[in-house]
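Work through these exercises with the structure open beside you. Try each task before you read its solution.

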Amino acid sequence: MRMRSIWAWCCRALCMVALAGHAVGTAAATADLPPAVQAALARARVPVEAIAVQVVDVGGRTPRLAHRVDASVNPASLMKLLTTYAALDLLGPAYTWSTPVYADGPVQDGVLQGNLYIKGSGDPRLVLERLWLLLRRVRQLGIVEVRGDIVLDRSAFSVPPADPGAFDGEPLRPYNVQPDALLVNYRVLALGFVPDAARGIARVVADPPLAGVAVDPAVPLDLMAPCGDWRAALKADFADPGRVAFHGAYNAACGEMTWQVAYVEPDTHAQRAVAGLWAELGGRLGGTVRDGVAPAGLAPLAVSTSPTLAEVVRDINKFSNNTMARQLFLTLGLAVGGQGSPQAAQAVVRRWMESRWGPVPEVVLDNGAGLSREARLTVRFLTRLLQAAWASPVMPELVASLPVSGLDGTLRRFGAGRGMAHLKTGSLRDVQGVAGYVLGASGRRYVLVAIVNHPNAPQARAAIEALIDWTARDQP
């Protein structure tokens with residue numbers, strides 16, 4: 001009887017030790033934020049309740065730091081990590097987009113007796129140079145004149161009409177460009193300013209050449225003003241789709257600069273760009289450039305093939321390109337779900353998530369780019385995703401796509417963990433965050449996810465940098 005009592009007492013004692021150990025582990029995981037982080041948040045007037053953080057070994061289960069990991073937060077552009085990882089996994093790093101050109105009539109003495117068709121498939125990188133090469137190839141095939149129309153087939157995507165200024169009232173910002181199955185040069189007009197001090201002007205060059213759009217060829221040069229807000233000093237007028245005018249001056253101290261502007265009439269951008277380039281190449285057109293659908297069964301005259309998905313993902317994550325991310329999101333709907341619509345894309349990505357982690361109601365995808373007030377996830381989910389990505393076959397491509405702290409992309413001006421962190425950034429008016437991988441001084445690599453949702457979030461960058469430094473300095 002006495003032995004039985006002693007045995008029972010030992011069992012209770014062991015259980016208490018185990019529970020105490022679990023409590024210590026939990027306390028360590030949910031300990032207060034590092035002092036430097038708390039101080040930076042205080043200076044930014046951001047309460048600790050506005051930040052969610054997790055730091056854990058890439059293959060570990062017990063976090064070094066965990067704070068509000070299950071809070072529902074807006075991730076801003078950190079949502080691109082989900083879209084790009086899903087795309088790499090579902091489509092493969094070598095996936096490419098094709099933009100074929102068709103003709104529906106014979107070519108006689110350099111004249112195409114019919115229409116020329118350009119069919120889009122959602123290529124995010126159909127930039128000016130590649131469109132020029134595609135049209136040049138048509139000219140090399142002996143087509144000098146198209147007797148009919150040049151028809152642009154944009155039917156691969158089904159995107160509801162949207163106001164490009166609805167998000168923040170800035171319709172001419174390139175990040176507000178809407179997706180398009182035939183997205184030419186990101187639907188952007190690039191305005192270059194080249195100072196000519198001898199003449200007292202800055203020459204203005206525009207790419208791509210948009211048919212029917214006149215751009216003021218020069219603007220007065222201000223030799224006295226410092227290079228401050230030079231865009232505002234130009235007093236540009238974009239209201240007229242047929243004219244880009246400048247009513248101010250260009251600051252000579254700025255040297256040569258380029259201004260990327262979303263074209264004011266986005267639905268006609270591709271038509272104008274194709275017409276302008278075709279004319280520059282010496283091509284003649286009997287009809288017009290218009291939207292339509294390419295007939296089935298035609299053999300392509302020429303095809304423009306995009307860079308690989310691995311290269312596209314690098315552009316998306318390094319520079320947080322919203323337009324390219326939305327194109328990729330819809331491509332998932334088209335290539336995997338059979339329809340290039342937001343609903344199909346959301347369904348594809350949700351099935352992919354659930355096949356790995358089960359139901360994830362905490363994730364609200366919206367447009368897949370993070371340029372959204374509705375998108376939501378938790379730090380715990382994003383940490384799991386990054387750990388899974390680290391153990392996946394596409395890990396090298398995903399990690400290589402992330403900005404390197406202090407060196408390139410959106411982390412170029414970050415001083416923390418220089419060269420030691422590969423992190424995606426995310427920012428909106430009231431969101432600031434990073435997520436990715438940090439190499440510690442000990443040689444261990446960590447997943448770091450930190451997201452601030454607060455009106456003062458833009459001022460919380462110092463706190464984010466302090467977290468990166470704390471994660472990297474992991475030796476006792």
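## Exercises on helices and their packing

Just after H4, Gly142 has a positive phi of about 100 degrees. Keep in mind that this is a predicted model.

**Exercise 1. Check the span of helix H4 against its number of residues.**

Step 1. H4 covers residues 128-140, which is 13 residues.
Step 2. At 1.5 Å a residue, H4 should span 18 Å. The expected span takes one less than the number of residues.
Step 3. The end C-alpha atoms of H4 are 18 Å apart, so the two values agree.

**Exercise 2. Find the buried residues of H4, and what covers them.**

Step 1. Apply the cut-off: buried means under 20% relative accessible area.
Step 2. Leu128, Arg130, Leu131, Leu134, Leu135 and Val138 of H4 are buried.
Step 3. Recall a rule about helices. An α-helix has 3.6 residues a turn, so residues three or four places apart point the same way. Try the rule on the list from Step 2.
Step 4. Look for the cover. It includes strands E3 (98-103), E6 (116-119), E10 (201-207) and E19 (302-305), and also helix H6 (269-280).

**Exercise 3. Describe how helix H3 packs on helix H8.**

Step 1. Locate H3 at residues 79-91 and H8 at residues 322-337.
Step 2. Their axes lie 10 Å apart, at an angle of about 40 degrees. That makes H3 oblique to H8.
Step 3. H3 passes H8 in a left-handed crossing.
Step 4. List the contact. H3 gives Lys80, Thr83, Thr84, Ala86, Ala87, Leu90 and Leu91. H8 gives Asn322, Ala325, Leu328, Phe329, Thr331, Leu332, Ala335 and Val336.
Step 5. Sort these contact residues: 10 are nonpolar, four are polar and one is charged.

**Exercise 4. Is H8 mostly covered or mostly uncovered?**

Step 1. H8 has 16 residues and reaches 22 Å from its first C-alpha to its last, close to the 22 Å expected.
Step 2. Of those 16 residues, 12 are buried, and H8 is mostly covered.
Step 3. Among the buried residues of H8 are Met324, Arg326, Gln327 and Gly333.
Step 4. The buried residues of H8 pack against H3, helix H7 (309-319) and helix H9 (342-357).

Technical notes. Residues are numbered from 1 along each chain as its sequence is written. This is a predicted model: local features need pLDDT of at least 70, side-chain atom pairs count only at pLDDT 80 or more; totals for chains, interfaces and linings use all residues. Side-chain values use heavy atoms; hydrogens and water are left out. Axes are lines fitted to C-alpha atoms, for helices over the stretch in contact, and angles run from 0 to 180 degrees between N-to-C directions. Helices (H or I, at least four residues) and strands (E, at least two) are DSSP runs, numbered from the N terminus. Angles under 35 degrees count as roughly parallel, over 145 as roughly antiparallel, 65 to 115 as roughly perpendicular and the rest as oblique. A crossing is left-handed if the near helix is turned anticlockwise from the far one by less than a right angle, and right-handed if clockwise. Contact means heavy atoms within 4.5 Å. Ala, Val, Leu, Ile, Met, Phe, Trp, Tyr, Cys and Pro count as nonpolar, Asp, Glu, Lys and Arg as charged, and the others, Gly among them, as polar. Buried means under 20% relative accessible area, exposed over 50%, partly exposed in between (1.4 Å probe, protein chains only).
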